[in-house]
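Have a look at the model below, and then we will go through a sheet and a ligand site together.

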Amino acid sequence: MSNVLDAIVVGCGFGGVYNLYKLKQLGLSVKAFEKAPDVGGTWYWNQYPGATTDTTAEIYRYRDDKELLNTYPWSTRYLYRKDNLEYLKHFIESHNLGRHIQLSAELKSASFDAATSTWTVTFNSTGETYKTTYLILATGHLHTPNYPDIKGLEKFAGPVYHTGVWPEHRDLKGKKVGVIGTGSSGAQLMVNIADDVSHLVSFQRSSQHVVPHNNGPISAEEREFVNSNWDEIWKTVDNHPLGQNIPFPNTPTMSVSAEERERTWEEIWNGTNGVAFMYGPFGDIVTSEEANRELCAFFEKKIAQYISDPDKLKKLTPTELYLKRPVTMTGYYETFAKKHVDIVNYQFTPLVEANEKGLLTTEKQWDLDVIILATGYEAMDGSLKRINPIGTHGTLNETWAKGSTSYLGLSEVGFPNMFFSIGPQSPIANIPPIIEVQANFIAGLIAKAEAKKKENGDNKIVLVEAEEQAKDGWLKKCLEVEEGSLIKTVKSFITGNFVEGSNVPVHSWLGGFHTYQRFIKDVTDNDYVGFKLTN
Ligand code: NA7
């Protein structure tokens, strides 16, 4: 059976749902497909205890949604997983989008047919085939789990879970649990399971700087403040490198006195979150090694205030600069101060292998009932590589043989009328605003193509494709920005599989959400320069 649509959106997380909403507004026939039995994307799959946003609640939603803000109050400063799902479902209902969504439909293949200028898309679970003019891949930049290569893991007698594939409740009560990884997922999980388990061992390849975020209830007055200052709040978000509701005056760290720094950082520790340390009152934490080291010294002092055991303190104190995605979680160091919580730091005692009973390090055997991999994702391009669409000159993986590339994080040469939601070289920031900026841009481009089709009067599909030169220019800009940033020196999901000496930029645009928006606006104002429209 073959079905014909104007547009297909793959994925129904925050990205897919918003793209569906925008394309419906254009009056197109659109359907969104979701692999999971429910909407939510990463928020559906990450049902591990404690999954929370680390962006404040008032801006973890669609900006284009002021009406809903007034009718859909939120109750805490940071949102729990279930709040995010409820909000998304409320958005879907309010805009009557549910009838355009098909659940439990996993994409099998997508290929471009030059003869008809359409995409042929097939789905595994349903066996259906569709023809579509436009294909939007909103498959999640943090979706495909990263499974570490641990020798002997298949021999382990107990269950092995991944935080990114945790779609239901799992009983950890009274168990001996080993958690590998200490990014946001690992930190949130460990704090939330520590009191349930009999023994918790955190296996850390690198220790993390974890900053408390003081989550708690939001009062009606605070919500009212947000509602009546909505536009100003978004102005702050638009000017922040990570799209946060945090002023970013860009003051150099060392331009103020030591006392002033200490006072400022103490205030952030007690009242804001990790992002404010990286991009807050001081603007050079990721560009000045001196500033970053100064901040790390502050963190060292803070960690020592929570951990009195010298061995634990040594293992928990990072030796790296503060350059990874800021991890934000209240209670992290308090958790490690507990007697039944241990740390293995690979720097001192590397992991040797897994075996039937648990994990063996160079120091000792750790017997475990459950192993949890909190090892993150094949970020930015993992899901897209799995799909591996076939364009006009071959597959996406062939195009990306030397590294994943794009024009503006949303389009690749050789893949006409196909767009990514948060593809490689997109900014890494508060997710909903990036999704909106990109989806609005894509909808604008599609509207232009549809208008051209009408103008031509021949009903022939108009193809929108990034130009090679424009893509090269964007990649060059990405590389220039990287040159000035210390972030490129660390391994993290932000830098992805960065190959030293390669002329392909790291996975994400390191210039920040604020500058990215300006590029997008410039390209839009210049009649979508860098995209050719042909038929
Ligand atoms: P992250 O931030 O990518 O963290 C992954 C963690 O797993 C991190 O501590 C890694 O150590 C560790 N890791 C990765 N591979 C290994 C291996 N092979 N052995 C040991 N440890 C490993 O993923 P998260 O899921 O926590 O967070 C991702 C985003 O999703 C985040 O922004 C949240 O908002 C939601 P490393 O530090 O690289 O040494």
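Two strands count as paired if DSSP finds at least two bridges between them. Please keep in mind that this is a predicted model.

## The sheet

With that rule in hand, we can turn to an open sheet of 3 strands, ordered E15-E16-E17, with antiparallel pairing. Strand E15 (351-355) and strand E17 (365-367) form the edges, each pairing on one side only. From one strand to the next, the twist averages 20 degrees.

Strand E16 (residues 358-361) is joined to E17 by 3 bridges, and the two run antiparallel.

## Around the ligand

Now to the ligand, which is surrounded by 20 residues. The closest are Thr-182, Ser-185, Arg-205, Ser-206 and Lys-324. By type, the shell divides into 7 nonpolar, 9 polar and 4 charged residues. Domain 1 (4-144 + 378-528) and domain 2 (165-220 + 243-351) each supply at least three residues of this shell.

## Polar contacts and cover

Which atoms of Ser-206 lie 2.3 Å from an oxygen atom of the ligand? The answer is an N or O atom in the side chain of Ser-206. Arg-325 also uses its side chain, placing a polar atom 3.0 Å from a ligand oxygen atom. Gly-183 takes part through its backbone, where an N or O atom lies 3.4 Å from an oxygen atom of the ligand.

On its own, the ligand has 780 Å² of accessible area, and the protein covers 85% of that.

Terms used: Residues numbered from 1 in each chain as written. Predicted model: local features only at pLDDT ≥ 70, side-chain atom pairs only at ≥ 80, totals over all residues. Heavy atoms only, no water. Near = heavy atom within 4 Å. Polar contact = N/O pair within 3.5 Å; in protein donor to acceptor, adjacent residues only side chain to side chain. Areas by Shrake-Rupley, 256 points an atom, 1.4 Å probe, with all protein chains shown as cover. Nonpolar A, V, L, I, M, F, W, Y, C, P; charged D, E, K, R; others polar. Domains from an automatic or database assignment. Helix = DSSP H or I, 4+ residues; strand = E, 2+ residues; numbered from the N terminus. Axes fitted to C-alpha atoms, helices over the stretch in contact; angles between N-to-C directions.
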